[in-house]
Structures are given as C-alpha cells and as structure tokens.
Amino acid sequence: MRMLIMGAPGAGKGTQAGAIAEHYGIPAISTGDMFRTNIKNGTELGQKVKSIMDAGDLVPDELTDAIVADRLNQDDAAEGFLLDGYPRNMHQVQSLDEYLTEHGQALDAVVSLDVDPQLLTERLLKRAQIEGRSDDNEETIRNRMEVYTDLTQPLLDHYEKAGLLITVDGVGEIDAVRERVLAALDDKTSNAKG
C-alpha cells in the first residue's frame with residue numbers, strides 16, 4: 001500500500017497515520033518528523049532545514065522533495081508507505097508523481113480526515129491550554145485552518161479526479177475513526193483488485 005493521509009491541524013492525522021501504517025506493515029513517514037530528526041542528528045540537511053525554520057520560513061519545495069525521495073528510497077518503504085504532511089501543494093504532488101513513475105509505483109489511496117472546522121478550533125484551543133501554547137489562540141488557529149483549506153483543496157480535487165481520494169469522518173473516538181479509515185481502505189483496495 002502506498003498512501004497519503006491528509007487532514008486539517010488537530011484532525012488526528014498523526015495518531016491515525018501510525019495505526020494505519022502498523023495495520024498494513026508499512027512505515028508512516030511524516031515530513032515534520034523527518035525535519036526534526038535531521039535537525040536533532042545535525043545532518044547537513046538538518047542544518048539547512050533548521051536555519052530556514054529558525055528564520056520563520058517554510059522549507060522550500062525542492063528541499064522537502066529531496067528529503068521525501070531520500071526517505072522513500074530506504075528499504076522499509078520498498079513495499080509501501082503512508083505519507084503524512086506531504087505533499088502540501090501542487091508542485092509537491094507533481095514531484096511525488098514523478099518519483100513514483102520513475103520507480104514504477106503508484107499511489108493506492110489518499111485518506112482525508114474530515115472534521116468540522118469549529119470542532120477542530122475547539123480541540124486545538126483545549127490542546128493549547130493543556131500544553132501551555134500561548135501562541136495558539138482562536139485567531140491564529142482559525143487562520144491556520146483557512147490557510148490549510150486554501151492550500152489543500154486543489155490537492156483534494158486532484159486526487160478525487162484521479163479516483164484516489166477517500167474522505168473519512170474524523171470525528172469520534174480514536175479507535176472508531178481508525179475502524180472507519182481501515183474499512184474504507186479495505187473497500188477501496190478490494191474494489192481496485194476486483
């Protein structure tokens with residue numbers, strides 16, 4: 001299985017990604033985790049990423065594409081993977097498509113966790129209180145939601161046209177959401193094979 005998982009901040013992507021990847025015996029690959037690991041290990045890539053992030057800038061597409069391609073070339077991703085946090089824009093979609101085509105691979109599914117923005121805002125505000133994140137106020141959270149929606153809609157449209165998009169209700173207990181995701185994936189892959 002080669003998949004992507006998408007969802008707005010606070011939708012539970014990271015939590016679900018780990019469970020889905022474990023179910024299919026594939027690595028969950030988070031660009032955020034890769035950036036943090038490279039920074040922590042002081043790699044050349046990590047030093048580049050750190051200086052960019054310290055300046056408050058987004059990591060450029062080319063650098064992100066290179067980090068993802070490097071990770072997908074590792075042995076544990078040969079039989080499949082679940083990407084979390086990538087691609088984030090159409091340039092990255094094209095880069096991923098090119099990588100997969102060059103390697104004779106294709107995506108099997110794109111899971112989108114659908115959660116009402118108001119519910120997400122409340123969830124993130126609660127998390128900010130618990131974790132003491134003073135920068136996460138209602139205004140910044142709503143702005144992050146709008147930015148996410150604006151950037152992500154073209155990707156969702158692209159993957160829907162390609163017949164890969166699976167939209168799953170992301171509201172509820174973690175286990176219930178995971179069951180819905182796995183049922184939708186099983187249904188999609190059994191229909192694709194049949």
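Me: What volume of space lies in the largest pocket, and which lining residues are closest to its centre?

Reply: This is a predicted model, in which local features need pLDDT of at least 70, side-chain atom pairs count only at pLDDT 80 or more, and totals for chains, interfaces and linings use all residues. A pocket is an open set of points on a 1 Å grid over the protein atoms alone, where a 1.4 Å probe fits and protein lies on both sides within 12 Å along at least five of seven lines; lining residues have an atom within 4 Å of a point. With grid points joined across faces, edges and corners, and volume taken as the space filled by probe spheres set on the points, the largest pocket holds about 1,600 Å³. It is lined by 45 residues, and the closest to its centre are Pro 9, Lys 13, Gly 85, Arg 88 and Arg 144.

Me: Which element gives the most to the lining of the largest pocket?

Reply: Residues are numbered from 1 along each chain as its sequence is written, and side-chain values use heavy atoms, with hydrogens and water left out. Elements are DSSP runs numbered from the N terminus: helices (H or I, at least four residues) and strands (E, at least two). At least two lining residues come from each of β1, α1, α2 (31-40), α4 (61-72), α6 (117-131) and α7 (138-161). With six residues, the element that gives the most is α7.

Me: Which elements give two or more residues to the lining of the second largest pocket?

Reply: The second largest pocket contains about 280 Å³ of space. Among its 16 lining residues, Ala 8, Asp 114, Val 115, Tyr 148 and Thr 149 are the closest to the centre. The elements asked for are β4 (109-114), α6, α7 and β5 (165-169).

Me: How many residues does α7 give to the lining of the second largest pocket?

Reply: By class, this lining comprises nine nonpolar residues, six polar and one charged. The element that contributes the most is α7, and its number of residues is six.

Me: Which residues of the UniProt "binding site" set that includes Ala 11 are in the lining of the largest pocket?

Reply: UniProt positions follow the numbering used here, feature names are shortened, and annotations may be inferred rather than shown by experiment. In an unreviewed entry, UniProt lists Gly 10, Ala 11, Gly 12, Lys 13, Gly 14, Thr 15, Arg 127 and Gly 172 as "binding site". The lining of the largest pocket takes in Gly 10, Ala 11, Gly 12, Lys 13, Gly 14, Thr 15 and Arg 127.

Me: What is the relative accessibility of Gly 14?

Reply: Gly 14 is placed in helix α1. Gly 14 counts as partly exposed because its relative accessibility is 48%.

Me: Where do the residues of the "binding site" set with Arg 36 and Val 59 lie in space, and which of them are in the lining of the largest pocket?

Reply: In an unreviewed entry, UniProt also places "binding site" at Thr 31, Arg 36, Asp 57, Leu 58, Val 59, Gly 85, Tyr 86, Pro 87, Arg 88, Gln 92, Arg 133 and Arg 144. They span 114 residues of sequence and are also spread in space, up to 30.0 Å between C-alpha atoms. The lining of the largest pocket includes Thr 31, Arg 36, Asp 57, Leu 58, Val 59, Gly 85, Tyr 86, Pro 87, Arg 88, Gln 92, Arg 133 and Arg 144.

Me: Is Val 59 buried or exposed?

Reply: Val 59 lies in the loop between α3 (44-54) and α4. Leaving aside neighbours within four places in sequence, Val 59 is in contact with Phe 35, Val 49, Ile 52, Met 53 and Thr 64. Because its relative accessibility is 12%, Val 59 counts as buried.

Me: In β4, which residue is the bridge partner of Ile 5?

Reply: Six of the six residues of β1 are buried, so β1 is largely enclosed by the rest of the structure. Two strands pair if DSSP finds at least two bridges between them, and β1 runs parallel to β4 with five bridges joining them. In β4, the partner of Ile 5 is Val 111.

How values were computed
Buried < 20%, exposed > 50% of the residue type's maximum accessible area, 1.4 Å probe, protein only. Nonpolar A, V, L, I, M, F, W, Y, C, P; charged D, E, K, R; others polar. Contact = heavy atoms within 4.5 Å.
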